Amino acid sequence: VDKGLKDYYKSYFKMGVAVRPQDLSGETAAFILKQYNSITAENAMKMGPIHPEENRYFWRDADSIVNFGQRHGIGVRGHNLCWHEQTPAWMFKDADGKQVSKEVLLQRLKDHIFAVAGRYKGKIYAWDVVNEVIDDDSTKFLRNSLWYQICGEDFIVKAFEYARQADPNAKLFYNDYNTERPDKMEKLYRLMKKLVDAKVPIDGVGLQAHWSIYEPSEAELRNTIEKMASLGLEVHITELDMSVYPWEKERRQKRAGESDILTADLEQKQIEQYSKVFKVFRDHKKVVTSVTFWNISDRYTWLDTYPVPGRKNYPLLFDANLQPKKAYWEVVNFKKK
Ligand code: G3I
């Protein structure tokens, strides 16, 4: 009776959760250990927090997360080594404040990856090496970030090569969001095929899965997973949550007349959507090897504050008291094949 997600899904895939250092003691620590067998640092391993100055690393928070995983024998997913957000400004500038050359930037990327992936070598089962480089604009392919402006596509290839050298046993992933939307899926396929064809050391794709009760459709999700599998890539679901508002709308602050109560109707839609996507994951258990939720419970979710505070969301399987919601029972009570 005292089973958690990880037990119900033992013969399918790892069940993980994004954590903050303060989650790893007391009530939440016990809860994490009951439900999950994988953890990801929500922010602590990103370049800005972990490498605030060129010659200074801040290891405490990331160390505490890796140590927790080691101590309790659960997996740790590394997130992430190269991103356009949460990158410290110094990374792109020389001592005079001028933009650095491609050569300097790639050397800094190498130093960073060797330091971080090297420190946790053998303790991380998968790294999100490169995060979110595909443009959201359907007329453009890759995001015009500073990484791209300075290095072109080479930083993507190099990041994977450095990561493989730094920790040869970690599986290396490309990670992105909205990957089931047809436009973006085509671009994801194009990028992944390019890397695979060029024999870049990449093992898998992270589908972030910041979804809503309205999307993706079952067909879109199946298609995305199958296209990635056709390239020989593993799939991790890396940041799963299910907004009870449409994505575009919930990005805005709560407006006059709008509610932010979890109504029975919204909850029912969420139950159905969770049930649907987990069936698709189970149907692809040879490809989908890890599923991570982005935050522990509806008590705290990044969606409450992004991009502005104001509208309570309920995207997870546990309520604010860490109690399983109806969607939880729907997800764990399935017929095994
Ligand atoms: O820690 C500082 C604090 O010192 C400061 O006073 C405060 C004021 O803004 O900011 C705090 O940092 C915030 C940090 O979260 C920790 O709470 C940042 O502002 C805030 O931007 C940051 O947000 C994170 C976001 O990534 C950054 O873009 C979210 O927690 C995190 O959930 C989110 O995660 C991303 C994944 O890494 C990649 N995929 C999308 C996903 C959701 O955006």
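Reader: How many residues does helix H4 have, and what is its reach from first C-alpha to last?

Author: In this predicted model, helix H4 (residues 60-72) has 13 residues and reaches 18 Å from its first C-alpha to its last, which is close to the 18 Å expected at 1.5 Å a residue.

Reader: Which residues of H4 are buried, and which are exposed?

Author: An α-helix has 3.6 residues a turn, so residues three or four places apart point the same way. In H4 the buried residues are Ala62, Ile65, Val66, Phe68 and Gly69. Viewed down the axis of H4, these buried residues fall within an arc of 150 degrees, so they line one face of the helix. Arg60 and Arg71 are exposed on the other side of H4.

Reader: Turning to the strands, why is S3 described as largely enclosed by the rest of the structure?

Author: In a regular strand the side chains alternate between the two faces of the sheet. Strand S3 (residues 75-82) has seven of its eight residues buried, so the rest of the structure largely encloses it. Strand S4 (residues 126-131) is mostly covered, with six of its six residues buried.

Reader: How many bridges join S3 to strand S2, and how many join S3 to S4?

Author: Strand S2 (residues 38-41) runs parallel to S3 and is joined to it by three bridges; here Ser38 has Gly75 of S3 as its bridge partner. Four bridges join S3 to S4, and this pair also runs parallel. Opposite Gly78 stands Trp127 in S4, and opposite His79 stands Asp128 in S4.

Reader: In what sense do S4 and S5 pair?

Author: S4 and strand S5 (residues 171-176) pair in the parallel sense over five bridges. Within this pairing, Val130 has Tyr174 of S5 as its bridge partner.

Reader: Which residues surround the ligand?

Author: Around the ligand are Glu42, Asn43, Glu85, Gln86, Tyr177, Gln208, Glu239 and Trp302. By class, this shell divides into two nonpolar, three polar and three charged residues.

Reader: Where is Ser259 found, and does it count as buried or exposed?

Author: Ser259 lies in the loop between helix H10 (247-250) and helix H11 (264-283). Ser259 counts as exposed because it has 10 C-beta neighbours inside 10 Å, the cut-off for exposed being 12 or fewer. The C-alpha atoms of Ser259 and Ala198 are separated by 50 Å, and these residues are 61 residues apart along the chain.

Definitions and conventions. Residues are numbered from 1 along each chain as its sequence is written. This is a predicted model: local features need pLDDT of at least 70, side-chain atom pairs count only at pLDDT 80 or more; totals for chains, interfaces and linings use all residues. A residue is near a molecule or strand if its C-beta atom, placed from the backbone, lies within 6 Å of it. Ala, Val, Leu, Ile, Met, Phe, Trp, Tyr, Cys and Pro count as nonpolar, Asp, Glu, Lys and Arg as charged, and the others, Gly among them, as polar. A residue is buried if 20 or more other C-beta atoms lie within 10 Å of its own, exposed if 12 or fewer, and partly exposed in between; C-beta atoms are placed from the backbone. Helices (H or I, at least four residues) and strands (E, at least two) are DSSP runs, numbered from the N terminus. Two strands pair if DSSP finds at least two bridges between them. The expected span of a helix is 1.5 Å times one less than its number of residues. The arc is that of the directions from the helix axis to the C-beta atoms.
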